[in-house]
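Colleague: I have a new chain open and have not looked at it before. Can we go through it together?
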Amino acid sequence: MSSQNLVAIANDWISLWCTPVNWELFDRLHSDVFQDCASAGRESTKSGFAAGLAELTQAFPDLMTMVDDLIVDLSANKVAVRWTAHGTNALRYMNVGPTHKPTVIRGIEIIEIDSGQIIRRWGEWDISDHAET
């Protein structure tokens, strides 16, 4: 797989974190054996990750997420993504809210890709802006 293909998959993946979610694209991008290695208590499966994404986009119905930086490891078929999301908190999320205030969430994700689909994901988020509102 080329570096350009990996970048395109990573950009498409982050586009899922904008409302409305393109669930058809979600299904195409994630392997049926997808493993969420940072599931935050959810099932670490494709359906568990989908549930987490649905919860996020319901809590922030105007969520827009942008890629800040990408680093590709072509030999491992991995992409690291630094991202920033902006949205208004409309429902309780991570034991906070609803605040009805604009919120910024930042994170770093690593995705592993095989045969054009994401098979693994690791991530760390900074939700301190949400927790402080």
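Colleague: Which backbone nitrogen lies 3.1 Å from a polar atom of the side chain of Ser31?

Modeller: That is the backbone nitrogen of Val33. Keep in mind that this is a predicted model.

Colleague: Where is Ser31 found, and is Ser31 buried or exposed?

Modeller: Ser31 belongs to strand 1, which covers residues 30-36. Its relative accessible area is 9%, and because buried means under 20%, Ser31 counts as buried.

Colleague: What does Ser31 touch, leaving out residues up to four places away in sequence?

Modeller: With those left out, Ser31 touches Lys46, Gln117, Ile118 and Ile119. Ile118 also turns up in the strand pairing, where His30 stands opposite Ile118 in strand 5.

Colleague: How do strand 1 and strand 5 run, and how many bridges join them?

Modeller: Strand 1 and strand 5 run parallel, and three bridges join them.

Colleague: Let me step back. How many helices and strands are in the chain?

Modeller: The chain has four helices and five strands. Starting at the N terminus, the order of elements is α-α-β-α-β-β-β-β-α. The radius of gyration is 14 Å, close to the 14 Å that the globule rule gives for 133 residues, so the chain is as compact as a globular protein of that length.

Colleague: What box do the C-alpha atoms fill?

Modeller: Along the principal axes, the box is roughly 45 × 25 × 25 Å. Of the 133 residues in the chain, 40% are buried. Among contacts between residues at least 6 apart in sequence, 56% join residues at least 24 apart.

Colleague: Back to the strands. Which way do strand 3 and strand 4 run?

Modeller: Strand 3 (residues 78-88) and strand 4 (residues 102-114) run antiparallel, joined by eleven bridges. One of the pairs to look at is Trp83, whose bridge partner in strand 4 is Gly107.

Colleague: And how many bridges join strand 4 to strand 5?

Modeller: Nine bridges join them, and this pair runs antiparallel. Strand 5 covers residues 117-126. Ile108 stands opposite Glu124 in strand 5, and Glu109 has Gly123 as its bridge partner there.

Colleague: Which residue takes a positive phi in the hairpin of strand 4 and strand 5?

Modeller: Ser115 does, with a phi near 55 degrees. That hairpin has two residues between its strands.

Colleague: Now the helices. How far does helix 1 reach?

Modeller: Helix 1 spans residues 3-15 and reaches 18 Å from its first C-alpha to its last, close to the 18 Å expected for its 13 residues at 1.5 Å a residue. The buried residues of helix 1 are Leu6, Ile9, Ala10, Trp13 and Ile14. Seen down the axis of helix 1, these buried residues fall within an arc of 130 degrees, so they line one face of the helix.

Colleague: Why do residues three or four places apart point the same way in an α-helix?

Modeller: An α-helix has 3.6 residues a turn, so residues at that spacing point the same way.

Colleague: Take Leu6, then. What is its relative accessibility?

Modeller: Leu6 is at 0% and counts as buried. Leaving out residues up to four places away in sequence, Leu6 touches Met1, Val72, Leu74, Asn77, Val79 and Ile113.

Colleague: Is helix 3 mostly covered or uncovered?

Modeller: Helix 3 is mostly covered, with ten of its 14 residues buried. The buried ones include Phe49, Leu53 and Leu56. Lys46, which touches Ser31, is also among the buried residues of helix 3.

Colleague: What do the buried residues of helix 3 pack against?

Modeller: They pack against helix 1, helix 2 (23-29), strand 1, strand 3, strand 4 and strand 5. From its first C-alpha to its last, helix 3 (residues 46-59) reaches 20 Å, close to the 20 Å expected.

Colleague: Last one. Where is Ala38 found?

Modeller: Ala38 is in the loop between strand 1 and helix 3. At 22% relative accessibility, Ala38 counts as partly exposed. Ala38 touches Arg121, Trp122 and Gly123, not counting residues up to four places away in sequence. Ala38 and Glu124 are 86 residues apart in sequence, and their C-alpha atoms are 7.6 Å apart in space.

Terms used:
Residues are numbered from 1 along each chain as its sequence is written. This is a predicted model: local features need pLDDT of at least 70, side-chain atom pairs count only at pLDDT 80 or more; totals for chains, interfaces and linings use all residues. Side-chain values use heavy atoms; hydrogens and water are left out. Two strands pair if DSSP finds at least two bridges between them. Buried means under 20% relative accessible area, exposed over 50%, partly exposed in between (1.4 Å probe, protein chains only). A polar contact is a pair of N or O atoms within 3.5 Å; within protein, one must be able to donate a hydrogen and the other to accept it, and residues adjacent in sequence count only if both atoms are side-chain atoms. Contact means heavy atoms within 4.5 Å. The expected span of a helix is 1.5 Å times one less than its number of residues. The arc is that of the directions from the helix axis to the C-beta atoms. The radius of gyration is taken over C-alpha atoms; the globule rule is 2.2 Å times the number of residues to the power 0.38.
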